[in-house]
Structure formats: structure tokens, C-alpha cells
Amino acid sequence: MNADKPALQAPLRWFDSYYVVGDLGEGAFAIGEPFYGQCNFSYLIVGSQRALLFDTGPGVRDISAVVSALTSLPVEVLPSHLHFDHTGNLHRFAAVALLNLPALRAQVHEGVFSLGLYQSLGFIEGFKREPFRVAHWLDSGAEIDLGDRRLLLVNLPGHTAESVVLVDGLANRVFAGDFIYPSEIYAFLPGADLGAYAASARKLQAMVNEQTRILGAHGCERQGQVDVPTLGRSDVQALASALEQAAHSNGPVGTGWFPRIMPVNERMILWAKYPWMSR
Ligand SMILES: [Zn+2]
């Protein structure tokens with residue numbers, strides 16, 4: 001993997017032959033995987049007392065070595081949602097937090113959480129579903145206090161039911177997982193709900209301002225270089241409009257039958273199912 005490393009936009013730098021890391025300031029680090037097809041980005045947010053890793057990538061490589069190089073504080077890990085490309089390294093961490101939903105709690109047996117086949121979708125790319133232990137169940141609306149850095153956890157269903165975002169009000173940024181990023185937005189997979197996605201997008205729009213930086217989990221290519229996938233409030237507004245159109249029309253919208261492919265703006269395309277396919 002040493003050959004033909006793609007060029008990086010600042011502040012990204014190569015951590016090793018696989019991972020890139022970028023110091024975003026105010027205690028946040030982007031950890032990217034440009035050699036993985038979906039170019040996942042996970043985020044480490046560091047306070048004065050402890051740190052939170054938001055997503056872990058698909059597990060092609062062990063991400064814990066990157067994390068321990070960036071902080072010596074205790075680290076808790078929270079996946080933005082349970083698709084395989086975000087949960088692949090969860091089993092390597094002792095402290096995993098999940099959104100407190102009855103359906104998720106019901107998946108714990110003898111202390112171990114097992115991912116569902118269609119919840120993970122790892123079979124699509126041949127990834128195993130590694131079971132893991134859940135240390136904390138966090139309610140939507142919970143404040144995660146890292147010490148001098150507080151994050152608000154918000155459940156924004158749509159891409160999946162258990163999708164969450166983290167709001168750092170002090171730094172005016174949102175860690176968005178797969179909710180929004182500059183690429184194809186997936187609203188057609190099992191568990192996706194167009195109506196919920198549209199409502200969640202309007203909710204997110206109301207939570208941010210024109211200066212908010214929204215950091216996503218995919219869509220890392222910009223001008224032929226690898227960049228931290230970053231969007232803003234106007235992108236959320238455009239996505240909300242496209243989702244509303246998709247959610248309220250069973251007729252032909254956009255091109256293609258499945259998924260329906262709809263333009264959002266110059267940085268995003270919506271891949272949607274039909275409203276009657278939801279849930
Ligand atoms: Zn996903």
C-alpha cells in the first residue's frame with residue numbers, strides 16, 4: 001500500500017501506509033482511510049479528561065494504534081450507526097457506547113452485542129460481524145462531557161433508525177456519520193426511512209448556523225486530493241428538500257428505478273428508495 005499514495009489536502013498527513021490523520025483544532029482529529037473504497041473518516045474528539053472515538057471504519061486495519069498515538073486519555077467509542085464500515089473495530093475497544101434504544105438493548109445476550117445481518121450489511125464486501133460488549137447506553141439528547149469539551153448526542157433517524165450525530169457547540173461543528181457527506185447519500189438500504197430522514201434533516205438544519213462545519217464519514221475526494229469531508233448548513237437544507245421530494249412522491253422522481261437517483265446539489269446525489277419501501 002506504499003505505492004501511489006494519493007495527495008492530501010491540509011491538515012491531513014499520512015499516519016502510516018494506510019491511515020491519514022488531520023488535526024482539526026479544538027481537540028478534534030480526523031482519521032481517514034483513503035485506500036478503502038468508501039474512504040471512511042472517523043473522528044477522535046479529545047477533552048481534558050477523556051476522549052471519544054466516533055466511528056471505527058470497516059476494520060481493514062486496527063484503528064486503535066492511531067487512537068493511542070493521538071491521546072493517552074481513556075477512550076470511549078461510539079459508532080454513528082451500525083453499518084459494517086463504521087463498526088469494524090468496535091471489538092478492539094473495552095469501552096463501547098451505543099444509543100439507548102430498546103431494539104438495540106434486545107440484541108445483547110450474556111453481555112455481548114451481536115450485529116444483525118442487514119443491520120451490518122458487511123456481507124456485501126465480505127466483512128465479518130464481530131460481536132462486542134456495550135459499556136454505556138446513551139440517550140438521545142445526552143451530553144457527553146470529555147472535560148472542557150461537551151458533545152451533544154442526537155438521534156437523527158433516516159439513513160438508519162439508530163443513526164446519531166454529535167454536536168460540539170463550542171467549536172461550532174457537527175460530526176455527522178453517514179447522515180450527510182459530500183458524495184452519494186444512501187437512503188435506499190434496509191432500515192432507511194425517507195420520511196424520518198427528511199424530518200431529521202430539517203431538525204439538523206435548525207440546529208446549525210451558516211458557520212457550522214459538518215464533518216461526514218465519506219466523500220473524501222476534492223480536486224483530485226484526499227480531503228476531510230466537510231459540508232455546511234446550505235447542504236443540509238438542500239438534502240432536506242430532496243428527501244422531502246423523495247418521501248412524498250411514489251411517482252418517477254429523478255432517474256433510475258432502484259435506487260432512484262436524484263440530484264441534491266453540486267456536492268451530493270441522493271440514492272433513494274420509494275416511500276412504500278420504507279421500513
Ligand atoms: Zn451507513
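How are the donor residues of the zinc ion spaced in sequence? They follow the pattern H-x1-H-x75-H-x18-D. The close-ups below come from a predicted model.

Close-up A. Four residues hold the zinc ion here: H81 through NE2, H83 through ND1, H159 through NE2 and D178 through OD.

**Close-up B. Two histidines from separate loops.** H81 sits in the loop between β6 (75-78) and α2 (84-87), while H159 comes from the loop between β12 (150-155) and β13 (164-168). These parts are 78 residues apart in sequence, so the pair ties them together. Both H81 and H159 are buried.

**Close-up C. A three-stranded open sheet.** Read across, the strand order is β15-β21-β20, and the pairing is mixed. β15 (184-187) and β20 (260-265) are the edge strands; each has a single partner strand, so one side of each has no neighbour in the sheet. On average, neighbouring strands are turned by 25° against each other, ignoring direction. β15 pairs with β21 (residues 268-272) in the parallel sense, over four bridges. Zoom in on E184 and you'll find I269 of β21 standing opposite.

**Close-up D. Helices on the sheet.** Helix α5 (residues 194-207) packs on the sheet and touches β15, β20 and β21, with its direction at about 125° to that of β15. Helix α6 (residues 233-247) lies across β15, β20 and β21 too, and runs at about 150° to β20.

Methods. Residues are numbered from 1 along each chain as its sequence is written. This is a predicted model: local features need pLDDT of at least 70, side-chain atom pairs count only at pLDDT 80 or more; totals for chains, interfaces and linings use all residues. Side-chain values use heavy atoms; hydrogens and water are left out. Donors are N, O and S atoms within 2.8 Å of the metal (3.2 Å for Na, K and Ca); water is not among the atoms, so sites may look incomplete. Buried means under 20% relative accessible area, exposed over 50%, partly exposed in between (1.4 Å probe, protein chains only). Two strands pair if DSSP finds at least two bridges between them. Axes are lines fitted to C-alpha atoms, for helices over the stretch in contact, and angles run from 0 to 180 degrees between N-to-C directions. Contact means heavy atoms within 4.5 Å.
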